[in-house]
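Please read the points below with the model open beside you.

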Amino acid sequence: MPEQAAVAEVLAELAALEDPKARAVNERHGDDHGVNLGRLRALAKRLRTQQDLAVGLWDTGDTAARLLALLVCRPKAFERDGLDGMLREARAPKVHDWLVNYVVKKSPHAEELRVAWTADPDPVVASAGWALTTDRVAKRPGGLDLPGLLTVIEAEMKDAPDRLQWAMNHCLAQIGIEHPEHRARALAVGERLGVLRDYPTSPGCTSPYAPVWIDEMVRRRTGRAGA
């Protein structure tokens with residue numbers, strides 16, 4: 001099937017999955033689409049990996065189509081500049097999140113982009129750099145300057161725009177959770193800044209306030225609080 005026809009057919013399937021209730025829920029989180037994510041994933045599973053289709057879906061600019069594209073693409077097929085351009089277009093939070101987590105993290109360009117994005121003046125782009133840094137803090141911390149990261153977080157997180165602040169806070173918590181030698185300082189930074197201290201948290205969920213988050217995750221692993 002020619003790519004253009006394939007894209008049109010998939011867009012028609014996505015339109016048929018449109019659900020006003022799903023749209024209302026998604027829009028509360030800043031995502032402008034009405035497709036239930038479970039149904040979107042089921043469609044992706046049926047389509048399987050199709051890089052050309054993924055590129056065509058992304059180029060439509062439609063949020064649901066872009067989410068589907070990120071599920072059926074081949075992450076290592078994208079060039080560094082292509083990923084950079086995609087991130088700068090990805091303003092819907094879920095598209096941004098899936099692009100970073102499902103595609104960029106699997107790319108051979110991830111580290112180069114992490115460094116470039118973290119220093120970017122656009123706070124949404126910078127938040128992607130911090131998300132990649134958080135992944136390294138947890139999985140591959142070798143070569144990272146953890147005290148330096150804590151210094152930047154202490155100086156900049158409190159006044160950062162929401163999405164950048166959230167990403168920096170996640171990095172702060174991950175440092176405290178994964179690296180006992182930096183835990184006391186991470187807890188102290190979180191307590192002093194008070195970022196997300198009053199964030200509403202559903203019963204059974206862990207607060208994103210870093211000191212509580214760190215203590216809870218350490219307790220689950222060791223049976224003792226993190227302090």
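1. Leu196 is placed in the loop that runs between α12 (183–193) and α13 (210–222), where helices are DSSP runs of H or I with at least four residues, strands are runs of E with at least two, and both are numbered from the N terminus. Although Leu196 is a residue other than glycine, its phi is positive, near 65°. Its relative accessibility is 15%, so Leu196 counts as buried; buried means under 20% relative accessible area, exposed means over 50%, and partly exposed lies in between, with a 1.4 Å probe and protein chains only.

2. Before going on, please keep in mind that this is a predicted model, in which local features need pLDDT of at least 70 and side-chain atom pairs count only at pLDDT 80 or more, while totals for chains, interfaces and linings use all residues. Residues are numbered from 1 along each chain as its sequence is written, and side-chain values use heavy atoms, with hydrogens and water left out.

3. Arg48 also has a positive phi, of about 65°, although it is not a glycine. This residue sits in the loop between α3 (37–47) and α4 (51–59), and with a relative accessibility of 64% Arg48 counts as exposed.

4. When residues up to four places away in sequence are not counted, His179 touches Val137, Pro141, Leu146 and Gln174, a contact being heavy atoms within 4.5 Å. For one of these, Pro141, the C-alpha atom is separated from that of His179 by 9.5 Å, and the two residues are 38 residues apart along the chain.

5. Asp120 belongs to the loop between α8 and α9 (123–139), and at 16% relative accessibility it counts as buried. The side chain of Asp120 reaches the backbone nitrogen of Asp122 at 2.9 Å. Leaving aside neighbours within four places in sequence, Asp120 is in contact with Arg88, Val125 and Ala126.

6. Two packed helices are described by the angle between their axes and the distance between the axes. The axes of α6 (residues 80–89) and α8 (residues 110–118) come within 11 Å and cross at roughly 45°; axes are lines fitted to C-alpha atoms, for helices over the stretch in contact, and angles run from 0 to 180 degrees between N-to-C directions. The two helices are therefore oblique to each other, given that angles under 35 degrees count as roughly parallel, over 145 as roughly antiparallel, 65 to 115 as roughly perpendicular and the rest as oblique. On the α6 side the contact is made by Arg80, Leu83, Asp84, Leu87 and Arg88, and on the α8 side by Glu112, Leu113, Ala116 and Trp117.

7. For the second pair, the axes of α3 and α7 (residues 93–103) come within 15 Å and cross at roughly 45°, which makes α3 oblique to α7. Leu37, Leu40 and Arg41 of α3 form the contact with Lys94, Trp98 and Tyr102 of α7.

Terms used. A polar contact is a pair of N or O atoms within 3.5 Å; within protein, one must be able to donate a hydrogen and the other to accept it, and residues adjacent in sequence count only if both atoms are side-chain atoms.
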